[in-house]
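Grab your viewer and work through these exercises with the model open. Each one sets a task and then walks through a solution.

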Amino acid sequence: MKILAVRDWVNLYENSETRRRKQLGWVLTPNRHDSLAYCRLMNKGEEGCMIFGVWNVLLQLSSRGTEEVRGYFVDDSGNPYTIEDMSIKTRVPESALNTSIPILVELGWLCEVTSEEFVQGVRTMSATHTDALRTKIDRKKEKKEKGEHGSDRTSFSALAEKLEEEING
């Protein structure tokens, strides 16, 4: 099973502020207009402008997931979005998504990963993101030791276990 993802999400679209948040109401985006990929896209004229609009909506969609799955086009349970799902959630016509996604993959802005790569990617996030998850786990352990309510399992570990079970099957 292939899962659509934003290439290099953690390095390009996360910062110290986003890593502190469970959910984002906005997305960081580079504002340079001189990359070769951007120039190739804009060279397509009106179609390039439409694709760039779709790209920005897709960035917004992929930023809406939990901190563990940001940058991937999956729901909070790790199930990949279909084109229809993305269309419904963003109100972008399926035809625009079908036109845009292959070009965004060709430009290197999007990529497809397997379920195995997804699980591995979630488990081997950048050090700063992993540190944030460890802090979250430590807080949950402290709460449990104090007798406060809350699970000692993070959604990250539950997601990784679920996907690993599906893969190994």
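**Exercise 1: two helices at an angle**

Helices α4 and α5 are roughly perpendicular to each other, a label that covers angles of 65 to 115 degrees (under 35 is roughly parallel, over 145 roughly antiparallel, the rest oblique). A quick note before you start: this is a predicted model, where local features need pLDDT of at least 70, side-chain atom pairs count only at pLDDT 80 or more, and totals for chains, interfaces and linings use all residues. Residues are numbered from 1 along each chain as its sequence is written, and side-chain values use heavy atoms, with hydrogens and water left out.

*Task.* Find the angle and the axis distance for α4 and α5, then list the residues that meet.

*Solution.* 
- Step 1: select residues 46–63 for α4 and 83–90 for α5. Helices here are DSSP runs of H or I with at least four residues, strands are runs of E with at least two, and both are numbered from the N terminus.
- Step 2: The angle for α4 and α5 comes out at about 95°, with the axes 11 Å apart.
- Step 3: look for contacts, meaning heavy atoms within 4.5 Å. Val57, Leu58 and Leu61 of α4 meet Met86, Lys89 and Thr90 of α5.
- Step 4: sort the residues of this contact, and you get 4 nonpolar, 1 polar and 1 charged. Nonpolar covers Ala, Val, Leu, Ile, Met, Phe, Trp, Tyr, Cys and Pro; charged covers Asp, Glu, Lys and Arg; the others, Gly among them, are polar.

**Exercise 2: the buried side of α5**

*Task.* Which residues of α5 are buried, and what do they pack against?

*Solution.* 
- Step 1: apply the cut-offs, with buried under 20% relative accessible area, exposed over 50% and partly exposed in between (1.4 Å probe, protein chains only). The buried residues of α5 are Met86, Ser87 and Thr90.
- Step 2: check the arc, taken from the directions from the helix axis to the C-beta atoms. These residues cover only 100° around the axis, so they sit on the same side of α5.
- Step 3: find their partners. The buried residues of α5 pack against β1 (2–6), α4 and α6.

**Exercise 3: α4 meets α6**

*Solution.* 
- Step 1: the axes of α4 and α6 come within 9 Å and cross at roughly 90°, so these helices are roughly perpendicular to each other.
- Step 2: list the contact. From α4 come Glu47, Met50, Ile51, Val54, Trp55 and Leu58, and they meet Ala96, Leu97, Thr99, Ser100, Ile101, Ile103 and Leu104 in α6. That contact divides into 10 nonpolar, 2 polar and 1 charged.
- Step 3: zoom in on Ala96, which counts as buried at 12% relative accessibility. Leaving out residues up to four places away in sequence, Ala96 touches Met50 and Val54.

*Solution.* 
- Step 1: recall the background. Most residues other than glycine have a negative phi.
- Step 2: look at Asp8 in the loop between β1 and α1 (9–13). Asp8 has a positive phi of about 60° although it is not a glycine, and Asp8 is partly exposed at 40% relative accessible area.
- Step 3: move on to Arg91, in the loop between α5 and α6. Just after α5, Arg91 takes a positive phi of about 65°, and Arg91 is exposed at 68% relative accessible area.
- Step 4: go back to Asp8 and pair it with Gly108. These residues are 100 apart along the chain, with their C-alpha atoms separated by 9.7 Å. Gly108 lies in the loop between α6 (94–107) and β2 (110–114) and is partly exposed, with a relative accessible area of 24%.

**Exercise 4: strands and the whole chain**

*Task.* How do β1 and β2 run, and how many bridges join them?

*Solution.* 
- Step 1: strands pair if DSSP finds at least two bridges between them. Here 5 bridges join β1 to β2, and the strands run antiparallel.
- Step 2: pick out a facing pair: Lys2 stands opposite Thr114 in β2.
- Step 3: check burial. In β1, 4 of the 5 residues are buried, so this strand is largely enclosed by the rest of the structure.
- Step 4: zoom out. The protein has 9 helices and 2 strands, in the order β-α-α-α-α-α-α-β-α-α-α from the N terminus. Buried residues make up 37% of its 169 residues.

Methods:
Axes are lines fitted to C-alpha atoms, for helices over the stretch in contact, and angles run from 0 to 180 degrees between N-to-C directions.
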